[in-house]
Amino acid sequence: MIAHLHAQEFPERARDALTDGPLRQAIARATDTIGDRRAKAVLEIPEWEELREQARAVKAHTLARLDHYLLQFVGNAERQGIVVHWARDHAEACSILGDLAAAAGAHPIAKSKSMVTEEIGLNRVLEERGLRPVETDLGEWIVQLAGEMPSHIIVPAIHKSRQQIADLFASKLNVDRTEDPAELTRIARRILREEFVDAGLGISGVNFAIAETGSILLLENEGNIRLTTSLPKVHVAVMGVEKLLPRLADLEVFLRLLPRSGTGQRLTTYQSLLTGAKRRLGDEGPEAVHLLILDNGRSSMLRNELERETLACIRCGACLNACPVYRHVGGHSYGSVYPGPIGAIVTPQLAGIGAAGELPFASSLCGACRDVCPVKIDIPRMLLRLRARAVAPSPGESARPRPWSERLGFRLWAWAMTSASRYRLTSRLARWFHGPLVRFGPLRAWCADREPPRPAPRPFRDLWEKGSIQ
Ligand code: SF4
């Protein structure tokens with residue numbers, strides 16, 4: 001299950017977003033900038049395609065033998081003094097994490113950006129237990145202040161303009177209003193530094209977990225993850241079962257692909273490879289390290305060879321920046337913590353097709369997501385498969401509700417296309433009534449800004465039969 005899910009509201013939310021000028025401007029500007037940077041960074045590596053193939057092969061191999069690598073990883077992590085917890089679903093995960101946070105006492109909880117903790121709705125659960133989680137990634141902190149969800153998996157506050165952030169800081173933090181990004185950052189840094197000093201527990205995500213050493217790798221640009229994982233006495237890392245890589249050497253491929261795909265950087269500014277808690281009194285780092293490994297629907301995805309591919313995602317966000325739908329409607333329209341093309345395939349698989357069957361239809365199937373994906377996930381193929389499941393669900397799943405006009409339209413289409421004579425008749429009708437159909441038919445809104453294709457005056461079949469085509 002995914003927390004705070006409103007995926008079935010996609011059509012209404014998208015319609016609202018399309019009329020929100022500042023939102024569309026903010027998203028277009030940011031995704032254009034990141035997209036251009038990515039394209040330049042990719043051009044620097046002539047063997048980019050080979051790297052993508054390698055990454056895909058490593059992920060496919062790991063996912064096919066995930067049970068083996070998970071056990072190897074956990075054995076090695078425990079030998080390094082990490083306390084490992086397993087959680088079947090979001091409720092179990094939140095309960096374990098809530099207990100660990102409560103045990104740390106009445107201190108703020110420093111949190112670094114983690115999609116999986118968004119997925120389980122951890123912040124709200126901690127708040128309900130009287131605890132105070134503080135997001136320390138600047139973008140996450142902004143959306144937390146605003147009481148919103150992140151709208152992008154790499155750039156959580158991508159939907160906000162500088163002016164909106166200035167208003168937010170002035171109203172929530174009691175500071176003088178400024179639109180200067182450097183000054184806004186200074187304000188955030190000053191406040192967050194104090195939270196770090198007081199924090200009794202740090203919660204982070206995991207970018208990669210290495211089976212052969214029991215280490216976890218965290219990537220970031222702001223330095224807040226370093227502080228989250230080293231200043232508080234206890235560090236808790238949270239990861240989905242799919243984060244594993246077999247060997248340390250495998251990182252070489254992913255560390256070249258991920259930053260370039262995500263932000264167009266050659267390397268992320270900080271790369272923290274953590275292997276257990278501190279061992280001696282004078283060492284730096286937390287006194288205790290816990291690791292929570294979450295399933296939450298992933299093992300059922302693993303059972304199916306095609307769906308398993310979704311678990312190869314390294315959460316770089318490149319498919320969001322390239323997607324024409326995401327770029328127009330933004331992340332909140334998807335009503336899920338996972339927006340964009342990856343969200344359209346991951347959300348229905350984790351939450352069930354009945355709860356998110358609208359999302360696979362939020363795509364033009366242009367294939368831009370597949371072209372930029374560093375691990376070559378065939379997102380369009382998966383979208384089609386999920387669309388089929390949404391209209392003809394397996395036993396136990398509920399079907400996506402479809403408006404009567406869509407059902408009638410497809411029935412008429414099937415009726416016309418399954419007989420040669422009916423096909424001829426409808427082609428003829430389309431030629432005769434093309435003008436009124438465009439002006440008054442169900443496609444009139446679509447045709448208002450576009451030139452619809454005009455049927456040929458004489459069909460190819462007639463020309464062929466009459467020998468006009470050699
Ligand atoms: S599906 Fe591919 S492009 Fe999209 S976030 Fe995942 S790894 Fe990145």
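The model is predicted: local features need pLDDT of at least 70, side-chain atom pairs count only at pLDDT 80 or more, and totals for chains, interfaces and linings use all residues. Residues are numbered from 1 along each chain as its sequence is written.

**Domains and ligand**

Let's start with the overall layout. The domain assignment, which is automatic or taken from a database, gives domain 1 as 7-25 + 41-299 and domain 2 as 408-465. Between the C-alpha centres of domain 1 and domain 2 there are 51 Å.

Around the ligand there are 14 residues, of which C313, C316, C319, I342 and C373 come nearest. A residue counts as near if its C-beta atom, placed from the backbone, lies within 6 Å of the molecule. By class, this shell holds 11 nonpolar residues, two polar and one charged. Here Ala, Val, Leu, Ile, Met, Phe, Trp, Tyr, Cys and Pro count as nonpolar, Asp, Glu, Lys and Arg as charged, and the others, Gly among them, as polar.

**Helix packing**

Two packed helices are described by the angle between their axes and the distance between the axes. Helices are DSSP runs (H or I, at least four residues), numbered from the N terminus. Axes are lines fitted to C-alpha atoms over the stretch in contact, with angles from 0 to 180 degrees between N-to-C directions.

| Pair | Axis distance | Angle |
|---|---|---|
| α8 (residues 138-146) and α9 (residues 162-173) | within 10 Å | roughly 60° |
| α9 and α10 (residues 181-198) | within 11 Å | roughly 35° |
| α17 (residues 340-351) and α20 (residues 379-391) | 10 Å | about 40° |

The crossing of α8 past α9 is left-handed, that is, the near helix is turned anticlockwise from the far one by less than a right angle. I142, L145 and A146 of α8 meet I165, L168 and K172 of α9, with contact set at C-beta atoms, placed from the backbone, within 7 Å. That contact has five nonpolar residues, no polar and one charged.

Helix α9 also passes α10 in a left-handed crossing. On the α9 side are R162, I165, A166, F169 and L173, meeting P181, L184, I187 and I191 of α10. Eight of these residues are nonpolar, none polar and one charged.

Finally, α17 and α20 are oblique to each other, and α17 passes α20 in a left-handed crossing. P341, A344, I345 and P348 in α17 meet I379, M382, L383 and L386 in α20. This contact has eight nonpolar residues, with no polar and no charged ones.

Definitions and conventions
Helices (H or I, at least four residues) and strands (E, at least two) are DSSP runs, numbered from the N terminus. Two residues are in contact if their C-beta atoms, placed from the backbone, lie within 7 Å. Angles under 35 degrees count as roughly parallel, over 145 as roughly antiparallel, 65 to 115 as roughly perpendicular and the rest as oblique.
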